[in-house]
Amino acid sequence: MIASLFGPLGLAILSAVPALAKDWEGQAYTWLYQFPMPIPPVKSPAMTITNPVTGGPIDYYEVYINHFQQQIYPNKGPADMVGYDGIAPGPTFLIEKGRESVVRFVNNATMATSVHLHGSYSRAPWDGWAEDVTTSGQFKDYYYPNSQSARFQWYHDHAIDHTAENAYFGQAGGYIIHDPAEDALNLPSGYGIYDIPLILSAKQYKSNGKLFSPASETDSLYGDVIHVNGQPWPFFNVQPRKYRLRFLDASISRTFRLYFQRSTGSTAKIPFQVIASDAGLLTGPVTTDNLYISMAERYEVVFDFSTFAGQNITLRNYEDVGQDDDYLHTDKVMRFVVSSTPVTDTSVVPTALATVDFPTPAGPTVDHHFEFERTNGEWRINDIGFADVANRVLANVPRGTVELWELENSSGGWSHPIHIHLVDFKVLSRQNGRGNTVYAYESQGLKDVVWLGPGETVKVEAHYAPWDGVYMFHCHNLIHEDHEMMAAFNVTKLLDLGYAETDFRDPMEGRWRAEAVTPAKFTPAAITEKVQFMANLQPYNNVDEVMEELDDYWATHKKRSVGPAKGDKVKARRMRIEGNRVNMM
Ligand SMILES: [Cu+2]
């Protein structure tokens with residue numbers, strides 16, 4: 001097929017657009033826009049326990065990781081899935097900033113799990129370290145701070161070597177933090193009413209209606225069936241007014257470039273406002289008519305349906321995003337059915353949204369250069385894979401410093417969304433790939449994932465605080481992650497900081513590991529005792545004080561580079577962090 005396209009100078013050029021290799025990779029799904037979009041239910045705490053140090057509340061939740069079945073094809077058998085509380089996506093947590101939480105994840109499933117709360121600066125033992133697994137019949141209590149700015153976090157599996165399977169079969173859910181500053185803006189609000197999570201995923205099914213497993217994939221599983229909140233190509237009834245749409249790409253391999261279009265008539269792309277990204281609100285709304293969102297990224301959009309009363313709006317996806325495989329309907333996502341009844345809408349999108357806590361610029365020197373590459377069919381970071389236990393800590397970052405990291409995609413035509421745990425970063429620059437562009441919706445807020453399109457090199461800057469400890473960074477194509485495109489960095493302890501606190505640096509510390517489920521551990525008294533024991537060690541309640549101590553420290557100390565320098569792969573390979581148990585396992 002030959003199509004006429006417009007080149008960068010507005011000149012019409014002829015370009016060969018490849019025809020689809022095939023319409024479907026798996027079982028065809030033909031019920032587009034026939035079924036309503038589900039909204040994941042809100043998770044309620046099982047009890048609220050008093051923090052014995054601060055006197056504040058700690059909400060305690062129990063989540064059961066259960067096998068379940070879901071009818072995807074109306075004319076086939078149900079799909080076998082595994083999800084949080086036996087649903088997919090899992091229930092949504094609605095958290096007020098400042099209310100701590102402990103979530104007990106109970107593994108009733110067959111495969112081992114580990115839970116990462118993506119977007120949270122959780123202490124290392126509760127960050128979902130891949131090897132910190134909870135096996136079938138065990139539970140683990142995860143303690144979360146919830147003291148960061150309002151943001152759309154999500155919780156998902158992170159278990160060593162089979163994260164892709166666990167996430168794909170259903171282990172992902174939303175975790176939304178609200179704060180008073182955001183609430184005061186009068187944005188469209190009300191979870192499931194005018195504030196709508198749109199959790200995207202792409203999967204592939206077998207002829208019996210069951211999921212095709214990514215277990216034996218080593219490159220990618222792009223999926224030919226697009227889901228929103230677990231339903232293929234749903235419709236959603238809306239009123240002619242503004243909505244806040246919280247996008248999360250929970251696919252294991254597919255990147256989207258989204259746009260809105262009338263379902264009939266004009267095919268023009270309809271502009272919308274991006275108001276938030278991974279770490280919450282942008283400085284101000286960014287108006288665009290299309291949006292890249294790769295795996296694990298979150299973007300929040302306000303779309304105004306008020307001029308489309310009685311019409312249908314289709315959410316579409318570009319073709320040829322990255323080098324993902326396209327199928328018959330992967331250029332479509334869902335449909336909004338706009339009612340014809342006028343409504344009053346008092347919500348607004350202010351021109352100033354938030355004061356974003358950008359890191360103090362560290363200067364032009366690159367502290368660490370990481371190459372994301374494919375070597376002899378294996379996925380690697382600076383030639384290291386996560387299984388290389390002795391060498392996988394690729395950076396030592398002095399606690400409280402700002403570092404500039406350069407992330408290079410040197411793996412040919414592949415793309416990699418890179419997630420750095422613990423921190424929020426600013427995307428500074430992008431070279432090659434998409435025209436040296438950092439999109440305004442990427443740079444006007446803080447992020448924890450950045451998409452490295454084919455051939456791209458991106459610089460990101462982050463404040464490595466507030467905690468010390470060993471954390472992961474990795475590709476969020478979960479098949480790449482499972483096949484070793486994951487490493488660690490160590491936010492090092494400042495021995496002379498002079499600030500006394502409990503040590504939470506080791507993500508594998510024995511006392512925080514999963515335990516066997518027994519009735520005695522699930523009594524209210526036992527739960528209260530456990531939660532208060534954790535709280536007594538004060539993992540989170542002094543965060544402002546910690547930040548001040550770190551600022552004071554670095555006002556009078558000079559940073560000494562302690563990690564491998566730019567391009568120094570040999571050094572990276574040999575570097576060991578002495579005394580770090582994680583590294584020596
Ligand atoms: Cu990747």
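The model is a predicted one, in which local features need pLDDT of at least 70 and side-chain atom pairs count only at pLDDT 80 or more, while totals for chains, interfaces and linings use all residues. Residues are numbered from 1 along each chain as its sequence is written, and side-chain values use heavy atoms, with hydrogens and water left out.

**The largest cavity**

A cavity is a set of points, on a 1 Å grid over the protein atoms alone, where a 1.4 Å probe fits but cannot get out; lining residues have an atom within 4 Å of a point. Grid points are joined across faces, edges and corners, and a volume is the space filled by probe spheres set on the points. Seven cavities of 30 Å³ or more are counted by this rule. The largest cavity holds about 140 Å³ of space. Of its 15 lining residues, Ala-88, Pro-89, Gly-170, Ser-201 and Lys-203 lie nearest its centre. Next, display strand E12 (residues 195-203), which gives the largest share of this lining, three residues. Strands (E, at least two residues) and helices (H or I, at least four) are DSSP runs, numbered from the N terminus.

Stay with Ala-88 and Pro-89: the peptide bond from Ala-88 to Pro-89 is cis, with omega near -5°. Pro-89 sits in the loop between strand E5 (79-84) and strand E6 (90-96). Pro-466 is placed in the loop between strand E31 (457-463) and strand E32 (469-475).

**The copper site and the second largest cavity**

Select the copper ion. His-416 (ND1), Cys-475 (SG) and His-480 (ND1) coordinate the copper ion at 2.0 Å. Donors here are N, O and S atoms within 2.8 Å of the metal (3.2 Å for Na, K and Ca); water is not among the atoms, so sites may look incomplete. Along the chain, the donors of the copper ion have the spacing H-x58-C-x4-H. His-416, in strand E28 (residues 416-420), and His-480, in helix H4 (residues 478-482), link distant parts of the chain, 64 residues apart. Are His-416 and His-480 buried or exposed? Both are buried, where buried means under 20% relative accessible area, exposed over 50% and partly exposed in between (1.4 Å probe, protein chains only).

From His-480, turn to the second largest cavity, whose lining includes His-480, Trp-414, Ser-415 and Asn-477. The second largest cavity has a volume of about 60 Å³. Its lining comprises three nonpolar, eight polar and one charged residues.

Then select Glu-484, in the loop between H4 and strand E33 (486-492). Glu-484 has a positive phi of about 90° although it is not a glycine, and it is buried, with a relative accessible area of 15%. Tyr-33 likewise has a positive phi, of about 60°, without being a glycine. Tyr-33 is found in the loop between strand E2 (12-16) and strand E3 (47-50), and Tyr-33 is buried, with a relative accessible area of 15%.

**The largest pocket**

A pocket is an open set of grid points with protein on both sides within 12 Å along at least five of seven lines. The largest pocket contains about 1100 Å³ of space. Its lining has 42 residues, of which Asp-357, Asp-424, Leu-446, His-463 and Met-547 lie nearest its centre. Colour helix H2 (180-183), strand E19 (280-288) and helix H6 (543-556), each of which supplies at least two residues of the lining. H6 contributes the largest share, six residues. By class, this lining has 22 nonpolar, 11 polar and nine charged residues.

**The nonpolar cores**

A nonpolar core is a set of buried Ala, Val, Leu, Ile, Met, Phe, Trp, Tyr and Cys residues joined through side-chain atoms within 4.5 Å. In the largest core, of 72 residues, Phe-105, Trp-405, Phe-473 and Phe-489 touch the most other members. Another core, of 62 residues, lies apart from it, with Tyr-29, Tyr-205, Leu-291 and Leu-478 among them.

Finally, select Ile-275 in strand E18 (residues 272-277). Ile-275 is buried, with a relative accessible area of 0%. Contact means heavy atoms within 4.5 Å, and the residues that Ile-275 touches, not counting those up to four places away in sequence, include Leu-187, Arg-244 and Glu-300. Ile-275 and Leu-187 are 88 residues apart in sequence and 9.6 Å apart in space, C-alpha to C-alpha.

Terms used. Nonpolar A, V, L, I, M, F, W, Y, C, P; charged D, E, K, R; others polar.
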